[in-house]
Amino acid sequence: MCGIVGYVGPRFATPILLDGLRRLEYRGYDSAGIAVLNLEGEIQIEKTEGKLQKLLDAVGDGGPAGFLGLGHTRWATHGLPNETNAHPHADCERKIVLVHNGIIENHTELRKELLSSGHEFVSQTDTEVLAHLFEEEYGRLAEEGHEDPILPEAVRCGLRKVRGAYAVAAFCRDEPHVLVGARLFSPLIVGLGHGENFLASDIPAVMRHTRRALVLDDGEVVALTPVGVIIRTLEGEEMQREPFQISWNLQSAEKGGFPHFYLKEVHEQPEAIINALRGRLDGRRVNLSEWSHLNFDRVERVAVVACGTSYYAGLVGRLLMEKWAGLPVDVEVASEFRYRDPLIDDKTLVVIITQSGETADTMAAFRLAREKGATTVAITNVVGSSVTRGADATFYLQAGPEIGVVATKTYLTELVVLCLLALDLARGRSRLSDEEIAEVVSELRGLPSKVEAILEQEEAIAEVARRYADRQGFFFIGRNLAYPTALEGALKLKEISYVHAEGYAGGELKHGPIAMLDSGFPVFAIVPQSDTYEKLLSNIQEVRARRADVLSVATVGDEVIATHSEEVFYIPETREDLSPILAIVPLQLFAYYVAVARGCDVDQPRNLAKSVTVE
């Protein structure tokens with residue numbers, strides 16, 4: 001997932017582009033670059049391999065001077081992450097320059113056609129194909145006498161030959177007041193200023209300059225000038241779009257004194273839970289206006305579709321929906337979902353979970369579910385993202401911006417929203433009484449303070465993490481509702497510390513994985529008070545018999561677990577149904593302090609990007 005920012009207006013573009021890239025660096029950090037139409041009317045490109053700081057150092061206090069420009073921070077898909085492959089890319093005559101996020105699936109055949117027409121390529125990227133394709137179309141339109149500006153039409157015609165996913169920003173040296181953008185399956189927004197306009201792949205890039213924005217739909221091309229914006233479809237139809245107001249404040253997208261966004265966002269989780277519940281509880285009842293227009297009388301089963309952390313949240317959602325609502329629930333890995341013939345129809349409720357709202361695999365599954373006539377419900381954190389358009393209902397996480405690449409507060413709020421959905425389904429199906437729902441609601445309201453209590457143990461957790469930071473592998477085990485927590489705890493450790501970690505259902509250890517255990521291989525046991533407590537205690541005995549250290553997450557007051565563990569991280573007492581919301585927090589902190597002790601880049605882990613918008 002790459003970062004894109006563009007500007008056209010009366011101010012010098014370079015400082016605006018660099019500031020925007022700083023706020024988008026979490027979307028890609030293999031290389032970075034900017035292109036500006038300088039005061040001499042030439043396109044000036046500055047780009048570097050590696051993280052954004054190298055570009056900032058190269059540009060220094062100067063950089064290209066001009067009023068039209070675009071920038072990019074890259075997460076490589078085609079071509080090595082080096083300076084040659086870094087964006088922006090230009091055409092043969094250095095007349096058109098562009099940046100691109102996504103993947104051009106037919107780039108090989110397009111490159112072959114363009115080479116046969118005399119175009120010369122300098123990079124290995126699929127993106128450079130677009131620069132030459134637009135050059136070809138621009139020349140044809142100019143010869144035909146197409147009226148200025150030509151570039152928007154050249155982009156529109158060129159993209160009609162493209163297969164794949166893209167967000168594109170481009171400009172031409174012959175049209176010094178026009179910036180062009182286009183999208184298909186990759187996010188792109190327009191920031192609306194006064195006498196100036198902006199393009200970006202995410203809202204934080206423009207927040208310093210405007211609070212009014214438009215979201216491009218798939219298959220749209222936008223032409224920006226300092227005084228206006230025109231949106232057309234790839235077929236040429238002009239579209240009208242109402243802007244929305246950006247509600248985040250700038251401070252919410254900054255570190256706020258924390259050393260990393262990750263840690264800041266872990267500490268924001270109590271507030272994130274409050275916001276996820278906001279407007280969805282009415283006294284002792286659940287009140288979900290987002291889907292009140294839907295009729296679930298025909299629904300016979302539920303399919304939850306997601307990737308990564310969101311998939312693990314879906315596993316918790318399955319257990320809650322089956323227990324409370326009495327519906328059969330399947331949880332599907334989105335990247336596998338459409339490569340078989342899933343048994344979904346108009347009697348299926350498909351719940352799509354994607355924090356970005358743009359995840360390519362999840363979006364493909366979403367489109368398949370719609371084609372098969374299922375009722376679709378989206379859970380996402382990003383207003384106006386792709387998944388929100390076309391879903392029968394959308395539930396926003398309301399967690400605020402999550403800048404760290406790996407999910408923390410969006411995971412907790414996904415769990416909260418799934419809990420609310422399960423409760424409301426249970427009410428509609430008369431599976432839970434009002435009193436039973438009221439008991440869960442009361443406990444939900446108390447969760448933020450309980451998360452705060454866990455965060456107060458931060459230094460003790462950090463000390464344990466530092467002692468275990470040199471270990472090369474961990475197991476995480478849990479049963480029933482604790483099993484998804486084991487999976488997510490292992491994923492967090494892998495993502496940010498690069499330590500091998502695996503999550504298992506506790507009973508699965510003796511079916512193979514137990515062979516790995518010895519004194520150097522610690523095991524995390526997620527063992528809050530539950531119906532499976534005694535079973536997991538037996539699994540812990542199996543671990544200790546192999547001389548492996550046991551680190552436990554348990555409920556306050558559990559004195560027994562301390563006799564079977566080297567270390568215990570205690571969480572406040574809560575209902576077993578809601579324990580996953582608390583149990584993950586000490587594991588998030590443990591992973592963070594292991595990563596810091598190992599000198600890892602917590603906010604920008606190697607090879608990872610915030611949103612995966614290519615398959």
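Select helix H13, residues 458–468, where the buried residues are Glu458, Ile461, Ala462, Val464, Ala465 and Tyr468; buried means under 20% relative accessible area, exposed over 50%, and partly exposed in between, with a 1.4 Å probe and protein chains only. Looking down the axis of H13, you will find that these buried residues fall within an arc of 165°, so they line one face of the helix, the arc being that of the directions from the helix axis to the C-beta atoms. Helices (H or I, at least four residues) and strands (E, at least two) are DSSP runs, numbered from the N terminus.

This is a predicted model, in which local features need pLDDT of at least 70 and side-chain atom pairs count only at pLDDT 80 or more, while totals for chains, interfaces and linings use all residues. Residues are numbered from 1 along each chain as its sequence is written, and side-chain values use heavy atoms, with hydrogens and water left out.

Now select Phe590, which, leaving aside its neighbours within four places in sequence, is in contact (heavy atoms within 4.5 Å) with residues including Ile461, Val464, Ala465, Tyr468, Phe474 and Phe524. Phe590 is also among the four residues, with Trp291, Phe474 and Phe476, that touch the most other members of the largest nonpolar core, which has 101 residues. Such a core is a set of buried Ala, Val, Leu, Ile, Met, Phe, Trp, Tyr and Cys residues joined through side-chain atoms within 4.5 Å. A second, separate core of 29 residues includes Leu133, Tyr138, Leu151 and Leu234.

Move to strand S25, residues 523–526, which is covered on both faces, with Val523 and Ala525 buried on one side and Phe524 and Ile526 buried on the other. S25 pairs in the parallel sense with S23 over three bridges and with S26, also in the parallel sense, over four bridges; two strands pair if DSSP finds at least two bridges between them. To see individual bridges, select Phe476 with its partner Phe524 in S25, and then Ala525 with its partner Ser552 in S26.

Finally, turn to the cysteines, where the count comes to zero disulfides, a disulfide being a pair of cysteine sulfur atoms within 2.5 Å. For Cys92, the nearest cysteine sulfur, that of Cys172, is 14 Å away. Cys92 counts as partly exposed, at 39% relative accessibility, whereas Cys419, at 0%, counts as buried.
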